[in-house]
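Student: Pick one part of this model and take me through it closely. Keep it brisk, and spell out the cut-offs as you go.

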Amino acid sequence: MRHIVLQLLLLIILCAPAHAQDIQGLANCTVKVFSEINRTDAWSGKAPKQCPADIYVERRPTGIFVTTWVAANSESGWVRTSFSAAMGVAEIAGKDSLKKAGSDITARAARIERCLNSIITVNNPLECRDYAVTSYLAGEETGTENKRLIWLDDNGRHTVVEYSYGDTTSTPSPPADLFSTQAVPAGVKLDIHLRTRN
């Protein structure tokens, strides 16, 4: 009986479209971007060292939002994983608050990663909430695209994962639905430290 259960689990894993990228790795990239903003009061527009991800930085009334994502080819098409997190201006400006917020982001990312891996293997979101949409495309672009948002339903810090995959021929676009404002241009001063003194 145990042998049959193991074979079924292996079949489910092998039939998944692709495994998610390392969410904790994306979260670490996000924390490095916040650290850069703390040090330089600006976003350079370049990914930090050892961070093979695309990055999008937004300034919102509540603080700074950073989204990191990676896209790759899979056996059945493509897969894209993105991670979005927020920090308040005062958190970014302070050394201790930055460290504490960064630890919170990486801890939340680890919890969401467990949820996503559980969703992929046994369709169980564990402690997370998720929202999934499947799009069927016909015309110039044909195929199927699946998009799933996963987050912790605890009224805590904004930390959201988007896991998307499809068999369309085009390269997946950036996870634009996570963005609500225009990107912060590279090199623009964010006046983080000035704002916290008022």
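Tutor: Two strands count as paired if DSSP finds at least two bridges between them. Strands are DSSP runs of E with at least two residues, helices are runs of H or I with at least four, and both are numbered from the N terminus. This is a predicted model, where local features need pLDDT of at least 70 and side-chain atom pairs count only at pLDDT 80 or more, while totals for chains, interfaces and linings use all residues. Residues are numbered from 1 along each chain as its sequence is written, and side-chain values use heavy atoms, with hydrogens and water left out.

R129 has W151 of β5 as its bridge partner. The two strands, β4 and β5 (residues 143-152), pair antiparallel over 10 bridges. On to β6: 7 bridges join β5 to β6, again antiparallel. Here I150 stands opposite V161 of β6. The hairpin of β5 and β6 has 6 residues between the strands, and N155 in that hairpin takes a positive phi near 60°.

Now the whole sheet. It is open, has 6 strands and pairs antiparallel in the order β1-β2-β3-β6-β5-β4. β1 (54-60) and β4 (128-137) are at the edges with a single partner strand each, so one side of each has no neighbour in the sheet. From one strand to the next, the twist averages 15°.

Two helices pack on this sheet. α2 touches β1, β2 (63-74), β3 (77-87) and β6 (159-166), and its direction makes about 40° with that of β3. α4 touches β3, β4, β5 and β6, at about 130° to the direction of β5. Contact means heavy atoms within 4.5 Å. Angles run from 0 to 180 degrees between N-to-C directions, with axes fitted to C-alpha atoms, for helices over the stretch in contact.

The helices also pack on each other. α2 (residues 23-40) and α4 (residues 95-122) meet at about 160°, axes 8 Å apart. They are therefore roughly antiparallel (under 35 degrees is roughly parallel, over 145 roughly antiparallel, 65 to 115 roughly perpendicular, the rest oblique). The contact residues include V31 and F34 of α2, and I105 and A109 of α4. By type, the residues of this contact are 9 nonpolar, 6 polar and 1 charged. Nonpolar covers Ala, Val, Leu, Ile, Met, Phe, Trp, Tyr, Cys and Pro; charged covers Asp, Glu, Lys and Arg; the others, Gly among them, are polar.
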